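Subject: Handover of a structure, with notes

Dear colleague,

I am passing on the structure below, together with an account of what was found in it. Please have it open while you read the notes that follow.

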Amino acid sequence: ALVFVGFTIAYLLMGTEGAFQPDSYDVSGLWLATSIVLGLIAAVAGGFVCAAVAKSATPPNVLALVVVLLGLAMAVPALTKSAAPQARTGDVGNTEAMQNAKQPAWIVLLNPLLGAVGVLVGARLKRGRGEVV
């Protein structure tokens with residue numbers, strides 16, 4: 001929910017022209033930076049909550065692994081998406097933007113790793129620095 005709300009607000013604030021490069025669905029540098037920040041915030045929050053409800057240090061580690069595995073599985077369709085450039089004309093709605101956005105391969109592969117790190121950081125923030133997570 002945090003990710004969906006965060007990205008929806010970000011898209012509404014920056015608009016189509018801020019989120020995409022001119023006349024294309026290639027995301028802008030501003031969108032990439034926003035994506036990294038929002039993803040890390042959500043991952044830290046997830047790790048914090050996981051550690052808060054867990055009875056041991058194991059669940060946050062498992063969550064971090066799940067984040068990596070699911071993130072890489074979700075990267076496959078993004079990496080195999082048709083390379084043919086699709087022209088974008090004018091403003092597009094949030095749903096159309098999500099369906100057609102084209103991110104560089106490096107960010108698609110980096111997101112699961114950043115997510116896992118964020119989960120572990122969030123868990124460490126909850127548990128304190130003394131306990132190994």
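Among contacts in the protein chain between residues at least 6 apart in sequence, what percentage join residues at least 24 apart? The figure is 74%. Please keep in mind throughout that this is a predicted model.

To begin with the chain as a whole, its secondary structure comes to five helices and zero strands, so that reading from the N terminus the order of elements is α-α-α-α-α. The C-alpha trace spans about 55 × 30 × 20 Å along its principal axes, and of the 133 residues in the chain, 32% are buried.

Two helix pairs were examined. In the first, the axes of α1 and α2 come within 10 Å and cross at roughly 170°, and because of that angle α1 counts as roughly antiparallel to α2. On the α1 side the contact is made by Leu2, Val3, Gly6, Phe7, Ala10, Tyr11, Met14, Gly18 and Ala19, while α2 contributes Leu30, Trp31, Thr34, Ser35, Leu38, Ile41, Ala42 and Ala45. Sorted by class, this contact of α1 with α2 holds 13 nonpolar and four polar residues, with no charged residues.

In the second pair, helix α3 (residues 58-80) and helix α5 (residues 105-127) have axes that come within 9 Å and cross at roughly 165°, which means that α3 is roughly antiparallel to α5. The crossing in which α3 passes α5 is right-handed. Residues of α3 that make the contact include Pro60, Leu63, Ala64, Val67, Val68 and Gly71, and those of α5 include Val108, Leu109, Pro112, Gly115, Ala116 and Val119. By class, the contact of α3 with α5 has 18 nonpolar residues and three polar ones, and again no charged residues.

If neighbours within four places in sequence are left aside, tyrosine 11 is in contact with Thr16, Ala19, Phe20, Trp31, Val92, Gly93, Asn94 and Ala97.

Serine 35 is found in α2, and because its relative accessibility is 5%, below the 20% cut-off, serine 35 counts as buried. Apart from neighbours within four places in sequence, serine 35 is in contact with Phe7 and Asn111. Alanine 52 also lies in helix α2, but its relative accessibility is 44%, so alanine 52 counts as partly exposed. Between alanine 52 and leucine 109 there are 57 residues of separation in sequence and 28 Å in space, taken from C-alpha to C-alpha.

Technical notes. Residues are numbered from 1 along each chain as its sequence is written. This is a predicted model: local features need pLDDT of at least 70, side-chain atom pairs count only at pLDDT 80 or more; totals for chains, interfaces and linings use all residues. Side-chain values use heavy atoms; hydrogens and water are left out. Axes are lines fitted to C-alpha atoms, for helices over the stretch in contact, and angles run from 0 to 180 degrees between N-to-C directions. Helices (H or I, at least four residues) and strands (E, at least two) are DSSP runs, numbered from the N terminus. Angles under 35 degrees count as roughly parallel, over 145 as roughly antiparallel, 65 to 115 as roughly perpendicular and the rest as oblique. A crossing is left-handed if the near helix is turned anticlockwise from the far one by less than a right angle, and right-handed if clockwise. Contact means heavy atoms within 4.5 Å. Ala, Val, Leu, Ile, Met, Phe, Trp, Tyr, Cys and Pro count as nonpolar, Asp, Glu, Lys and Arg as charged, and the others, Gly among them, as polar. Buried means under 20% relative accessible area, exposed over 50%, partly exposed in between (1.4 Å probe, protein chains only).
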